[in-house]
Structures are given as C-alpha cells and as structure tokens.
Amino acid sequence: MKNIIIASTSTIHGSGYLEYILPTLSVFFKKANTILFIPYARPGGISYDEYTNIARKAFIKIDKKIKGIHEFDNPLKALQESEAIFTGGGNTFELVNQLYKNKVIDTLKEVIENGTPYFGTSAGSNICGVSMMNTNDMPIVYPPSFTTLGVIPFNINAHYLDPIKNSTHMGETRETRIKEYHIFNNTSVLGLREGSWLAVNGTLITLKGNLSARLFQKDMLPTELITGNEISTLFK
C-alpha cells in the first residue's frame with residue numbers, strides 16, 4: 001500500500017530546512033532507522049555530498065540516519081532494500097534526467113507502489129505526478145522523457161503562487177501557465193502552496209497543512225480544496 005508525503009517545499013519563510021514538517025516526518029518514518037536520500041535535483045548546483053549533508057543535519061533532529069543513493073555502488077539494490085526514501089527539491093529537469101540516466105525510475109516507482117515510505121519536496125514531489133510538465137524550473141538539461149512516477153493520478157505545481165493584486169509584473173501567472181498546459185493536455189494539476197502537503201495512504205489522498213490548494217482541470221474553472229479534506233474522489 002502506497003505511503004507517501006508530497007510536500008510543496010522543504011523550507012517555509014522564517015523556518016529552517018524541513019523544520020515545519022519534522023513532527024509529521026517523525027511519525028511517518030517511525031519504523032525506519034535509515035532513509036535513502038536522492039540528491040539528484042541538486043539545488044543551486046551543489047554537490048550530492050553537500051546536499052546529503054543538509055538532509056542529514058535535518059533528520060538527525062528526529063533520530064534518523066540519511067544515506068545518499070550516490071554512495072551506493074548499486075542504486076537499484078539500494079532502492080529495493082531501503083527502509084524509506086526522501087527525494088529533495090531543486091531542478092526537476094535534472095532530477096528526472098538522472099533518474100533515467102541511472103536507470104532507477106522504474107524501480108523507484110515499484111518500491112513506492114509496494115509500500116516503501118516516500119517523502120518528496122518540490123522537485124521530489126513533482127515526480128510523483130503523471131509527468132513533470134508543470135514544474136516551474138528552467139530546462140537546464142533535456143531528460144529522455146517528461147513521464148514521471150505516476151504514483152498519483154494528477155500533476156503537481158509546487159510552490160504555487162496566487163496572482164498578486166496591483167502587481168506590476170507583466171509575465172504570466174501560474175494560473176495562466178497551467179491554463180496554457182490544458183490547451184494541449186488533459187491531466188489535472190494541483191497547485192500546492194508553501195507549507196502544504198499531500199498524505200497518500202493506498203488510494204486515499206488527503207490535503208494537509210494550513211493552506212488550501214488550487215485544483216485545475218481541463219475545461220473547468222479552478223477549484224479551491226480545503227485542507228484536511230480527502231481529495232481522491234476528484235480524480236476518479
């Protein structure tokens with residue numbers, strides 16, 4: 001049975017790395033001693049070791065060990081034998097590129113589907129969707145495919161931002177870009193605001209955190225989803 005936390009961000013304003021969600025992760029990862037970390041998104045171009053150390057410093061606060069997938073000679077075996085998995089944020093294009101390059105994307109999907117606890121933030125959440133086509137990231141590399149894990153039946157737009165009234169910004173809003181996406185694609189998109197996350201247990205998906213989320217569906221007006229509600233039925 002799938003057991004997943006899909007978070008919009010790793011850090012909220014005024015808080016340290018993962019600090020806002022550590023109490024939830026302490027319960028979520030209760031049965032795991034060591035968490036396999038996937039640092040492929042490497043935010044700001046930092047090294048895998050640097051990124052892994054950032055995650056390690058956060059998880060030690062809840063008495064969990066972190067081991068980077070890049071530290072293993074056989075990443076497939078590391079996934080198959082992992083107690084739990086965390087994929088951090090950064091650039092989704094590079095994350096997906098490395099998942100394909102290292103030939104681990106199918107195994108990652110398999111172990112998640114079989115119940116290995118999975119936690120993703122930002123780019124690590126984007127890959128839970130049907131595709132990565134609603135990421136906000138620059139296409140700094142060209143992955144073999146935009147198809148991702150598909151462990152939820154919709155796409156994620158992490159760090160979702162609402163239009164700012166009286167803003168002088170002349171570019172597209174997030175809502176405009178998602179509407180553009182739906183001219184050519186049918187998959188629903190959930191805009192996750194900062195500090196919000198999805199808890200996935202089997203086929204049940206529940207919105208968590210303090211803020212609502214915004215659901216975009218092709219040829220329909222956007223809908224606000226209230227936190228605390230189970231939203232799975234919207235995608236059947």
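Mentor: Let us begin with helix α4, residues 92–101: eight of its 10 residues are buried, so the helix is largely enclosed by the rest of the structure. Buried means under 20% relative accessible area, exposed over 50%, and partly exposed in between (1.4 Å probe, protein chains only). Helices (H or I, at least four residues) and strands (E, at least two) are DSSP runs, numbered from the N terminus. This is a predicted model, in which local features need pLDDT of at least 70 and side-chain atom pairs count only at pLDDT 80 or more, while totals for chains, interfaces and linings use all residues. Residues are numbered from 1 along each chain as its sequence is written, and side-chain values use heavy atoms, with hydrogens and water left out.

Trainee: Which residues of α4 are buried, and against which elements do they pack?

Mentor: The buried residues are Thr92, Phe93, Glu94, Leu95, Val96, Asn97, Gln98 and Leu99. They pack against β2 (34–38), α2 (48–59), β4 (85–87), α5 (105–113) and α6 (123–126), where contact means heavy atoms within 4.5 Å.

Trainee: What is found at the start of α4, and what follows the helix?

Mentor: At the start, a side-chain oxygen of Asn91 comes to within 2.9 Å of the backbone nitrogen of Phe93. After α4 comes Lys103, with a positive phi near 55°.

Trainee: How many salt bridges does the count give?

Mentor: A salt bridge is a side-chain nitrogen of Lys or Arg within 4 Å of a carboxyl oxygen of Asp or Glu. By this rule there are nine. One of them joins Glu113 and Lys109, at 3.3 Å from N to O. These two residues are four apart in helix α5 and hence separated by about one helical turn.

Trainee: Which salt bridge does Arg193 form?

Mentor: Arg193 pairs with Asp162, the closest N and O atoms being 2.8 Å apart. Arg193 lies in the loop between β7 (189–191) and β8 (197–201) and Asp162 in the loop between β6 (155–157) and α7 (174–184), so the pair ties together parts that are 31 residues apart in sequence. Arg193 is buried, at 9% relative accessible area, whereas Asp162 is partly exposed at 38%.

Trainee: Where do the partners Arg214 and Glu175 lie?

Mentor: Their salt bridge has its closest N and O atoms 3.3 Å apart. It links distant parts of the chain, with Arg214 in strand β10 (residues 213–216) and Glu175 in helix α7, 39 residues apart. Salt bridges that share partners join Asp162, Glu175, Lys179, Arg193, Arg214 and Glu224 into one network.

Notes:
Polar contact = N/O pair within 3.5 Å; in protein donor to acceptor, adjacent residues only side chain to side chain.
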